[in-house]
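Here is a short briefing on a two-chain model.

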Amino acid sequence: MQKRTISGTFLRWLFLIVSVAFAVSMVYLWTLQTRLSQRNAANLLRLNIQDVRQDVIDASDANLLSLTRTIAAEIDNGAATDDAGLASLLAHYDVSEINLVNAEGIIYATTHLEFLNFDMHSGRQSGEFLGLLNGSATEYVQKYQPTTYDPTLYRKYAGVCLANGGFVEVAYDADRFQDDIDHIVVGATHNRHVGENGCIIIADEDWNIVSDRKNNEGQNLSVTGIWIDRPTMPEEVVFHATVYGDACSCMYVFSEGYYIVAVLPENEILLQRDTSVRLTAVLEVLVFLTLFAAIYLLVRKLVVNNINKVNHSLSKITDGDLEERVDVRSNTEFASLSDDINATVSTLKQYIAAAAARIDQELAFAKNIQQSALPSVFPPYPDRTDFSLYATMDTAKEVGGDFYDFYLLEDNELAFLVADVSGKGIPAAMFMMTGKTVLRDYAERGDAPADVAVNANDKLCDGNDAEMFITAWTGFLNTDTGLVRFINAGHNPPVLIRDGKASFITQKTNLAFAAMDGVPYREQSLQLEPGDLLFLYTDGVTEATDASEALFGNDRLLTVLSSEFGAGEDACRNICGSVKKAIDDFVGDAPQFDDITMLCLYYAGPEADGAANVSDGTTKKLSVPADTGNLEQVVAFVDEQLTSADCPQKAQSQIDVAVEEIFVNIANYAYDSEPGDVDISVSTDELGATVEFRDAGVPFDPLQKEDPDITLSAEKRPIGGLGIFMVKKTMDSVDYRYIDGQNILTIRKSF
Amino acid sequence: MNISTTKQNQALTIILEGRLDYNTSPQLDGVLRDSLDGITDLTIDMDSITYISSAGLRLLLSTQKTMKKQGVMRLINVRPEIMEIFEITGFSEILNIE
């Protein structure tokens with residue numbers, strides 16, 4: 001999944017939050033404004049209704065009061081107040097009712113006989129007129145309302161004090177006074193607006209329109225779309241109706257027998273709300289956008305940019321630049337982070353330095369071990385004049401996978417080799433040590449070159465889990481004949497330098513060692529002439545690379561080697577030095593990529609045979625070169641002495657075995673670097689025979705060698721170590737001493 | 001040392017005569033190398049072997065190891081002085097001597 005950036009995530013969340021805040025505030029504002037508008041509308045409607053109502057009341061009050069004053073004046077002037085007199089006044093002024101009330105508040109004369117003797121104190125409606133009796137008012141007009149006496153009877157009353165006490169109360173019903181004031185009511189609506197487009201409609205008790213701006217007077221109120229049902233619809237409460245096709249908020253009151261209806265179109269009410277909400281929305285959007293941008297920029301500046309700086313430094317550190325320092329100090333948190341990272345890197349540097357120092361030290365040890373495993377003393381065989389050699393190894397790293405080796409297998413047989421382990425460094429070095437040891441072990445066992453190769457290969461394939469392999473060129477030089485038998489395990493062809501001309505030898509190539517077990521290796525041969533030089537090398541020579549990736553190559557190598565180098569070890573040193581210098585010049589400043597190993601062999605030809613039997617003239621002492629080829633001679637010499645001493649056959653046979661084992665041992669191992677002799681003396685007496693071997697080879701006490709475990713099964717029995725064991729078992733005593741540079745081994749057998 | 005071999009199908013009989021020592025062992029080794037392929041039954045007649053050294057013992061041991069993988073090897077007509085050496089070295093335990 002693609003990860004989001006902090007600023008992106010922040011932006012998203014900020015946008016979400018701002019949007020929610022915006023929506024909530026809009027909804028709140030909308031609701032609030034709607035309510036406000038409705039309340040304002042209700043107030044507006046109410047005010048208009050009350051205005052109109054007051055006009056109507058004022059008109060009807062004035063109308064009735066003037067009638068009542070006239071009637072009171074008539075009575076004060078002596079008009080008859082008996083039933084007939086009142087009836088004539090009633091008829092004359094076309095009112096509904098005339099009552100005369102005495103100073104005690106009792107109706108004593110009336111046109112409405114049921115009211116006779118009615119006490120004005122007995123009801124709220126009638127009680128309102130008592131002010132006329134206590135002198136606080138001389139006139140009083142009541143609004144149109146139900147009478148105390150009969151709540152179903154609606155009347156409008158007015159009272160005027162009479163000159164001789166009491167007062168006259170005159171009433172009429174709606175029909176009567178509406179006739180008088182309709183013209184006033186009609187005028188009340190025509191010039192009146194409710195808001196911009198609202199209006200007032202007035203209808204009488206029977207819902208006939210009295211006043212309307214649309215001139216629908218006389219028609220039923222329902223033509224406007226308004227329907228009023230007094231029992232279910234309270235006065236002065238907003239109701240909704242479709243008036244002349246527009247949705248409107250309406251309100252009515254019933255006053256003086258009129259339905260006064262105020263109408264205000266909904267869209268006018270909502271116009272205010274919508275305007276207010278729109279304006280606020282625009283303002284909010286502006287504010288939120290500014291806020292949004294400000295916060296975003298702040299986050300970028302304070303967090304994201306700093307994180308990017310830290311990341312930039314961290315990626316440098318990850319790429320290995322431990323000198324990089326994180327330095328973001330714009331705020332405390334980042335300063336602290338910077339310090340922590342710097343401290344971590346610093347600690348890391350110390351650890352790395354410590355680890356590197358340790359590894360360097362170990363590598364130095366390893367290099368030491370590896371170098372000392374290779375023969376490095378030149379000349380290795382100072383007494384040999386028939387051949388010389390010189391070898392060098394330059395590793396690309398502290399330790400390498402190349403190696404060279406050489407050793408005398410016989411006095412006249414020199415094994416020499418150059419090898420290259422796949423890979424470099426520690427793994428190659430470890431495998432190199434194994435390879436070197438295995439090859440030498442099999443070579444020194446005396447096997448034929450092809451067998452050495454097959455056995456060494458099988459051994460190296462065993463447990464080669466790292467899948468490494470070794471290319472090697474192994475030669476076996478017969479110093480007498482100059483014939484080199486060799487095995488080429490996937491290695492570069494050596495260069496033969498003869499008479500100043502260099503050429504690669506022709507050879508067939510077998511598989512590299514350790515690549516696959518059970519493969520055959522073919523022995524090939526090369527005849528060296530006296531004066532020939534043979535140059536062995538690894539691919540570090542031909543594949544040395546300069547700065548432009550060009551290879552040193554075979555041609556350059558041949559050019560360097562096509563020269564007169566003289567003879568002996570000097571020539572060999574010269575060649576190795578010249579090739580190394582040519583490589584160095586070619587490579588220039590480019591780092592050494594691979595190990596460079598070279599071995600150069602000079603063949604001088606068979607030397608005069610300096611070794612010879614040096615007999616001291618006694619019949620019991622023999623001196624021969626330490627060479628297995630002289631074994632028969634030695635055994636014959638010993639047998640001769642034993643026979644003349646009448647040694648029993650069985651003892652003689654056992655002594656023969658012991659002599660063979662010891663002589664072969666000395667011949668094979670005593671003289672590692674130069675040929676030498678073995679002095680053998682046989683002493684016989686009546687009780688037995690003593691044979692003494694002396695050699696000047698490397699000090700070696702064969703008796704120290706651990707006896708083989710002869711109880712092991714055939715599969716587990718090691719192949720060697722038997723000889724000395726047999727000597728120890730069959731002889732009566734075996735003694736070893738090292739005196740004056742000589743190994744002295746003495747055996748004694750009694751008979 | 002004289003070596004004569006008789007091969008019958010997968011059975012090989014080798015008759016040895018003389019000394020089996022450091023100098024002669026490679027000779028027998030060569031013969032064995034050339035003829036052991038596909039052999040499941042190897043018989044070595046030791047009747048005329050009068051002398052054996054560690055080189056001979058090593059060769060017998062390695063041959064025994066080889067034959068163990070592909071069949072059997074037995075020694076016949078082993079002389080007492082040779083048997084004594086087998087016993088000293090523990091070879092009497094690991095060689096099939098009849």
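Chain B and chain A bury about 2300 Å² between them, and carbon and sulfur atoms give 57% of that area. On the chain B side, B:Y22, B:Y51 and B:I88 lose the most area to chain A. Together these three account for 25% of what that side buries. The model is predicted.

**Interface: residues and polar links**

- The contact draws 29 residues from chain A and 25 residues from chain B.
- Between the two chains, the count of salt bridges is 3.
- One salt bridge pairs B:R19 with A:D656. Their closest N and O atoms lie 4.0 Å apart.
- Polar contacts link 9 residue pairs across chain B and chain A, with both residues at pLDDT 80 or more.

**Interface: the chain B side**

- Which elements give two or more residues to the side of chain B that touches chain A? They are β3 (41–52), α2 (54–70), α3 (80–89) and α4 (91–94) of chain B.
- The largest share comes from α2(B), which supplies 9 residues to the side touching chain A.
- By residue class, the side of chain B that touches chain A divides into 10 nonpolar, 8 polar and 7 charged residues.

**Backbone: a cis peptide bond in chain A**

- The peptide bond running from A:F378 to A:P379 is cis. Its omega is near -5 degrees.
- A:P379 sits in a loop of chain A, between α6 (332–373) and β12 (387–394).

- A:D499 has a phi near 55 degrees, a positive value in a residue other than glycine.
- The loop that holds A:D499 lies between β17 (495–498) and β18 (501–504) of chain A.
- Is A:D499 buried or exposed? A:D499 counts as exposed because its relative accessibility is 66%, and the cut-off for exposed is over 50%.
- In chain B, the phi of B:N9 is near 55 degrees, again positive in a residue other than glycine.
- B:N9 belongs to the loop between β1 (2–8) and β2 (11–20) of chain B.
- B:N9 has a relative accessibility of 70%, so B:N9 counts as exposed.

Methods:
Residues are numbered from 1 along each chain as its sequence is written. Chains are lettered from A and ligands numbered from 1 in the order in which they are written. This is a predicted model: local features need pLDDT of at least 70, side-chain atom pairs count only at pLDDT 80 or more; totals for chains, interfaces and linings use all residues. Side-chain values use heavy atoms; hydrogens and water are left out. Helices (H or I, at least four residues) and strands (E, at least two) are DSSP runs, numbered from the N terminus. Buried means under 20% relative accessible area, exposed over 50%, partly exposed in between (1.4 Å probe, protein chains only). Contact means heavy atoms within 4.5 Å. Buried area is the accessible area (1.4 Å probe) that two parts lose on being put together, summed over both. A salt bridge is a side-chain nitrogen of Lys or Arg within 4 Å of a carboxyl oxygen of Asp or Glu. A polar contact is a pair of N or O atoms within 3.5 Å; within protein, one must be able to donate a hydrogen and the other to accept it, and residues adjacent in sequence count only if both atoms are side-chain atoms. Ala, Val, Leu, Ile, Met, Phe, Trp, Tyr, Cys and Pro count as nonpolar, Asp, Glu, Lys and Arg as charged, and the others, Gly among them, as polar.
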